[in-house]
Amino acid sequence: MILLGPPGAGKGTQAKKLSQRMGIPQISTGDLLRTEREANTDLGRKAAQYMSEGKLVPDELVVSMVTKRLQQSDCQQGVILDGFPRNIDQAKGLSVDRVIYLDLPREEIVRRLSGRRYCVDCKENYQLDSCPPKKTGSCDVCGAQLAQRDDDREEVIRKRLQVYEVETAPLVEHYEKRGQLVHISGRGSVDDIFSRIQKALGI
Ligand code: AP5
């Protein structure tokens, strides 16, 4: 299954819930790339500049990373892809069951992403308006410091939105034509959106 949609539409949040509900892993290419970057691997160093500028990391790097992950034993029963594919070339050769297209108005995206914070240690996600930490600047789960993603600055968010329109949005039509697309509004609470997804998938 694929979670498709613009940056900040809630793909990661909903993919995590779907993964728990369906008992199959969530594979987030953004998270995998950030892990590589933190570990300062060859791939992480190559990806870093693209990511901080809001551009897509080159296909050959991302496709080989995903292919490697899909070969692991926990992927045998299927996976939830979050942030992949990002363009028509990345979609080639993928065997897909359903595509959940989460959409959200652009200004709401900028608002949500500008207020996103994450825990530098356990990676728990916060949103300063809708889901703030109990103590300013500290993680509720482990107490570590919260930080802002370097691509969540407003000018980079706007660049990511442009890249989405040019590179990723054509996938909506691509999967719609194949009858695989389920369009879900990304407005409302996390639980309301998840109920809509469950209803649409009949799970
Ligand atoms: P990636 O990490 O995939 O970023 P993205 O697609 O821009 O997605 P986000 O993580 O920003 O948003 P999301 O839709 O997952 O929303 P979330 O649930 O987090 O990619 C980062 C970079 O890596 C790319 O720019 C690129 O450089 C590279 N990359 C990744 N994949 C690639 C690929 N396949 N090919 C090439 N390059 C690739 O929610 C956002 C915020 O809103 C959170 O704070 C959350 O708490 C909050 N929130 C969620 N739902 C709600 C709600 N219902 N109400 C209020 N707040 C909410």
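Mentor: Let me begin with a term, because strands here are DSSP runs of E with at least two residues, numbered from the N terminus. In that numbering R116 belongs to strand 5, residues 116-119. Please keep in mind throughout that this is a predicted model.

Trainee: Is R116 buried or exposed?

Mentor: R116 is buried, since its relative accessible area is 15% and the cut-off for buried is under 20%.

Trainee: And which residues does R116 touch?

Mentor: Leaving out residues up to four places away in sequence, R116 touches N125, Y126, Q127, A147, Q148, R149, D152 and R160. With one of these, D152, the side chain of R116 makes a polar contact of 2.7 Å.

Trainee: Which residues are linked with R116 in a network of salt bridges?

Mentor: The network links R116 with R149, D151, D152 and R160.

Trainee: How many salt bridges does the count come to?

Mentor: The count comes to 22 salt bridges. One of them joins the side chains of D42 and K46, with 3.2 Å from N to O.

Trainee: Why are D42 and K46 separated by about one helical turn?

Mentor: Both are in helix 3, residues 42-52, and because they are four residues apart there, about one helical turn separates them. As a general point, an α-helix has 3.6 residues a turn, so residues three or four places apart point the same way. D42 is partly exposed at 46% relative accessible area, and K46 is partly exposed as well, at 43%.

Trainee: What about D89, which residue does it form a salt bridge with?

Mentor: D89 pairs with K92, and their closest N and O atoms are 2.8 Å apart. In that pair D89 is partly exposed, with 46% relative accessibility, while K92 is exposed, with 59%. Another salt bridge is formed by R106 and D103, where the closest N and O atoms are 3.6 Å apart; R106 is partly exposed at 28%, and D103 is partly exposed at 22%.

Trainee: Back to helix 3, then. Which of its residues are buried?

Mentor: The buried residues of helix 3 are L43, G44, A47 and M51. Viewed down the helix axis they fall within an arc of 80°, so they line one face of helix 3. These buried residues pack against helix 2 and helix 4. After helix 3 comes G54, which has a positive phi, near 80°.

Trainee: You mentioned helix 4. What should its 12 residues span?

Mentor: Helix 4 covers residues 59-70, and at 1.5 Å a residue it should span 16 Å, which agrees with its end C-alpha atoms being 16 Å apart.

Trainee: Which residues of helix 4 are buried?

Mentor: Those are L61, V62, M65, V66 and R69. They cover an arc of only 120° around the axis, which puts them on the same side of helix 4. What they pack against is strand 2 (26-28), helix 2 (29-38), helix 3 and helix 5 (88-91).

Trainee: And which exposed residues are on the face turned away from the buried side of helix 4?

Mentor: That face of helix 4 carries E60 and K68, which are exposed.

Trainee: Changing topic to the ligand: which residues come nearest?

Mentor: There are 34 residues around the ligand, and of these T13, T29, K55, R116 and R160 come nearest. R116 and R160 also have places in the salt-bridge network we discussed.

Trainee: Which distances go with K11, K55 and R86?

Mentor: For K11, an N or O atom of the side chain lies 2.9 Å from a ligand oxygen. For R86, a side-chain N or O atom is 3.0 Å from a ligand oxygen.

Trainee: Last one, where is L201?

Mentor: L201 lies in helix 9, residues 190-201, and it is buried, with 15% relative accessible area. Its contacts, leaving aside neighbours within four places in sequence, are M1, L18, R98 and I100.

Trainee: And how far is L201 from Q127?

Mentor: L201 and Q127 are 74 residues apart in sequence, and their C-alpha atoms are 27 Å apart in space.

Terms used
Residues are numbered from 1 along each chain as its sequence is written. This is a predicted model: local features need pLDDT of at least 70, side-chain atom pairs count only at pLDDT 80 or more; totals for chains, interfaces and linings use all residues. Side-chain values use heavy atoms; hydrogens and water are left out. A salt bridge is a side-chain nitrogen of Lys or Arg within 4 Å of a carboxyl oxygen of Asp or Glu. Buried means under 20% relative accessible area, exposed over 50%, partly exposed in between (1.4 Å probe, protein chains only). The expected span of a helix is 1.5 Å times one less than its number of residues. The arc is that of the directions from the helix axis to the C-beta atoms. Contact means heavy atoms within 4.5 Å. A residue is near a molecule or strand if one of its heavy atoms lies within 4 Å of it. A polar contact is a pair of N or O atoms within 3.5 Å; within protein, one must be able to donate a hydrogen and the other to accept it, and residues adjacent in sequence count only if both atoms are side-chain atoms.
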